[in-house]
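Work through the exercises below with the model open beside you. Try each task before reading its solution.

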Amino acid sequence: MSRIVAVINQKGGVGKTTTVVNLAAALAAVGKSALVIDLDPQGNATTGFGIDKKRGLHNSYGVLLGMVCPKEVTKKTYVQGLFIIPSTIDLSAAEVELFQQKDRDSKLKQAIANLHYDYILVDCPPGFGLININALNAAHKIIIPLQCEFYALEGLAQLFNTIQSVRDTINKNLIVSGILLTMYDRRNSLSSVVANDVRGHFKSLVFNTIIPRNVKISEASSHGKPVILYDVKSAGAIAHIELVREFLARESKND
Ligand SMILES: Nc1ncnc2c1ncn2[C@@H]1O[C@H](COP(=O)(O)OP(=O)(O)OP(=O)(O)O)[C@@H](O)[C@H]1O
Ligand SMILES: [Mg+2]
């Protein structure tokens, strides 16, 4: 069975997609098979792997609504062992369409139940809609990226409440793998204040690895590449290699 990890934070622009693309590439680099499911109508993870967005049912929209089989729409990336189910703007209709269905919370879980990868990473859209409830229901684990900015902690209580209500109702075994501090700028004292604050509150739930603000990370995505393939010596690449080590160490502890 695949380990399903949802990368989620209802806040926009905190590094969810960047985490999915780069963690998936780093997992593949250490020999794990991985599938990225782009569940965001913006399709940033799809672009992040240089994959064309083809509208219609042949993407995560069709999978989420149970209209196509995941295998039919899975694309190879140029990273060996790493695959993606892309997304397009069509997915924005899914929230309304899901709402009309009886098993609306479990469509994704059902659709991907029989896939065989070491890891499935789900890139979640911002917000708390039904797409994200599907991701939280399907997932074994969550990674929460948190941008080292002033309002970082705001909204986190709401996210943890949502996680708890998902545990109480549809997915009692859901685990938070960790909170990941992203876009850390060591020249900005606010970054370290925020990082200390988050560690003070959440202790060991916070990954030791910190993702620095690094221009190579954003350059890489504009070239349709994970940063480890774009500039393996960059601070951004090194941080993601560290992240995969720490993530896998946490995996073996939790199992
Ligand atoms: N560590 C970093 N260093 C520099 N730029 C970064 C870093 N992480 C993310 N970015 C840039 O910040 C922007 C937002 O990141 P990203 O798209 O990963 O966030 P997101 O949480 O997925 O956003 P959304 O909620 O819109 O889906 C992107 O342009 C990305 O390239
Ligand atoms: Mg995103």
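**Exercise 1: the ligand shell**

Task: Which residues come nearest to ligand 1?

Solution. Of the 20 residues around ligand 1, the nearest are Gly12, Lys16, Thr17, Thr18 and Ser218. A residue is near a molecule if its C-beta atom, placed from the backbone, lies within 6 Å of it. This is a predicted model, in which local features need pLDDT of at least 70 and side-chain atom pairs count only at pLDDT 80 or more, while totals for chains, interfaces and linings use all residues. Residues are numbered from 1 along each chain as its sequence is written, and chains are lettered from A and ligands numbered from 1 in the order in which they are written.

Next, sort the shell by type. It holds five nonpolar, 12 polar and three charged residues. Here Ala, Val, Leu, Ile, Met, Phe, Trp, Tyr, Cys and Pro count as nonpolar, Asp, Glu, Lys and Arg as charged, and the others, Gly among them, as polar.

Then sort by element. H1, strand S7 (175-184) and helix H10 (215-222) each supply at least two shell residues. Helices (H or I, at least four residues) and strands (E, at least two) are DSSP runs, numbered from the N terminus.

**Exercise 2: Lys16**

Task: Is Lys16 buried or exposed?

Solution. Start with its place: Lys16 lies in helix H1 (residues 16-29). Count neighbours next. Lys16 is buried, because 28 other C-beta atoms lie within 10 Å. The cut-offs are 20 or more other C-beta atoms within 10 Å for buried, 12 or fewer for exposed, and partly exposed in between, with C-beta atoms placed from the backbone. Finally, list contacts. Leaving out residues up to four places away in sequence, Lys16 touches Val7, Ile8, Asn9, Asp123, Cys124 and Pro145. Contact means C-beta atoms, placed from the backbone, within 7 Å.

**Exercise 3: the nonpolar core**

Task: Which residues have the most contacts inside the largest nonpolar core?

Solution. The largest core has 74 residues, and those with the most contacts inside it are Ala6, Ala24, Ala34, Leu121, Val122 and Ala135. H1 gives the most to this core, with eight residues. A core is a set of buried Ala, Val, Leu, Ile, Met, Phe, Trp, Tyr and Cys residues joined through C-beta atoms within 7 Å. In soluble globular proteins, nonpolar side chains tend to be buried together.

Now zoom in on one member. Beyond its neighbours within four places in sequence, Leu121 is in contact with Val5, Val7, Val20, Leu23, Ala24, Ala34 and Val36.

**Exercise 4: helix H7**

Task: What covers the buried residues of H7?

Solution. First check burial. Nine of the nine residues of helix H7 (residues 130-138) are buried, so H7 is largely enclosed by the rest of the structure. The cover includes strand S1 (3-7), helix H3 (60-64), helix H5 (94-99), helix H6 (107-111), strand S5 (119-123) and helix H8 (156-169).

**Exercise 5: positive phi**

Task: Where do Met183 and Lys203 lie?

Solution. Most residues other than glycine have a negative phi. Take Met183: its phi is near 55°, a positive value. Met183 lies in strand S7. Met183 is buried, with 23 other C-beta atoms within 10 Å.

Take Lys203: its phi is positive too, at about 45°. Lys203 lies in the loop between H9 and strand S8 (206-212). With 8 C-beta neighbours inside 10 Å, Lys203 counts as exposed.

How values were computed:
Contact = placed C-beta atoms within 7 Å.
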